[in-house]
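Welcome, and please take a moment to look over the structure below. We will walk through it together, from the overall layout to a few individual residues.

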Amino acid sequence: MSAPALLSRSSLPKGPPWVHLSYAEVPQPAVPKTFFSGGAGGLPRRLALLADDGKLSFEEFNAYFADGILTTEELQELFYSIDGRQNNNLDTDKLSDYFSQHLGEYINVLSALESLNIAILKAMDKTKEEYQGSSVLGQFVTRFMLRETSSQLLSLQRSLQCAMEAVEDSCQATPPLPAPGKKPRSIEQKTYK
């Protein structure tokens with residue numbers, strides 16, 4: 001008989017709090033190669049909530065994409081350059097197409113995140129099914145694995161946060177103003193150091 005089977009689960013609380021949804025109940029991520037395609041279903045979840053009708057007004061676009069670096073005018077220029085019709089009603093398919101063209105190396109990151117998301121959800125499903133029937137030692141191992149997974153994800157999040165801050169810091173320098181009589185560069189041409 002193995003060590004986990006020797007221990008009982010007599011005084012542990014009923015049901016782990018972290019497994020309230022099953023894998024089947026959680027909305028699944030989009031296929032990474034079409035991360036921003038297929039209408040609102042392929043958009044990041046927060047943006048898809050804003051675009052529940054499949055369209056984004058400039059106000060919704062601005063609320064989601066404002067980053068403190070691009071001005072409202074620059075965001076509006078981007079919005080209308082993606083929309084084309086300039087009717088303040090950006091089709092999310094057009095937004096998806098725009099970002100799909102710019103994924104670059106992030107396609108690998110998004111693909112890995114999709115795989116990780118699915119793996120974690122499946123592990124949570126399995127945990128939900130088996131946790132209560134596990135021995136005290138088995139439950140301890142499950143809790144340890146959850147803490148370790150969470151710790152690894154937080155470490156990645158901290159690294160990403162540092163990278164984001166470094167990029168934002170490098171963008172804080174105001175881009176040079178055009179010479180008098182010269183037209184400013186379009187948003188697609190601007191670069192920041």
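A residue is called buried when its relative accessible area is under 20%, exposed when over 50%, and partly exposed in between, using a 1.4 Å probe and protein chains only. Keep in mind that this is a predicted model, where local features need pLDDT of at least 70, side-chain atom pairs count only at pLDDT 80 or more, and totals for chains, interfaces and linings use all residues. Residues are numbered from 1 along each chain as its sequence is written, and side-chain values use heavy atoms, with hydrogens and water left out.

Let us begin with the whole protein. It has seven helices and two strands, taken as DSSP runs numbered from the N terminus (helices are H or I with at least four residues, strands are E with at least two). Along the sequence, they follow the pattern α-α-β-α-α-β-α-α-α. Of the 193 residues in the protein, 26% are buried.

Next, the charged pairs. Side chains of opposite charge can pair when their charged atoms come close. A salt bridge here is a side-chain nitrogen of Lys or Arg within 4 Å of a carboxyl oxygen of Asp or Glu, and the whole structure contains two of them. One joins aspartate 91 to lysine 55, with 3.3 Å between the closest N and O atoms. Because aspartate 91 belongs to strand β2 and lysine 55 to strand β1 (residues 55-56), this pair ties together parts that are 36 residues apart in sequence. Lysine 55 is partly exposed, at 24% relative accessibility.

The other salt bridge links the side chains of lysine 126 and glutamate 130, at 3.1 Å from N to O. These two residues are four apart in helix α6, so about one helical turn separates them. Lysine 126 is partly exposed at 45% relative accessibility, and glutamate 130 is partly exposed at 41%.

The largest share, four residues, comes from α6. Valine 109 is found in that helix and is partly exposed, with a relative accessible area of 40%.

Aspartate 67 sits in the loop between α3 (58-65) and α4 (72-83), and its relative accessible area of 41% makes it partly exposed.

Now look at the loop between α4 and β2 (90-91), where asparagine 88 is placed. Most residues other than glycine have a negative phi. Asparagine 88, however, has a positive phi near 60°. It counts as partly exposed, at 28% relative accessibility.

Finally, what about the cysteines? Cysteine 162 is exposed, with a relative accessible area of 51%, whereas cysteine 171 is buried at 16%. A disulfide would be a pair of cysteine sulfur atoms within 2.5 Å, and zero are found in the whole structure.
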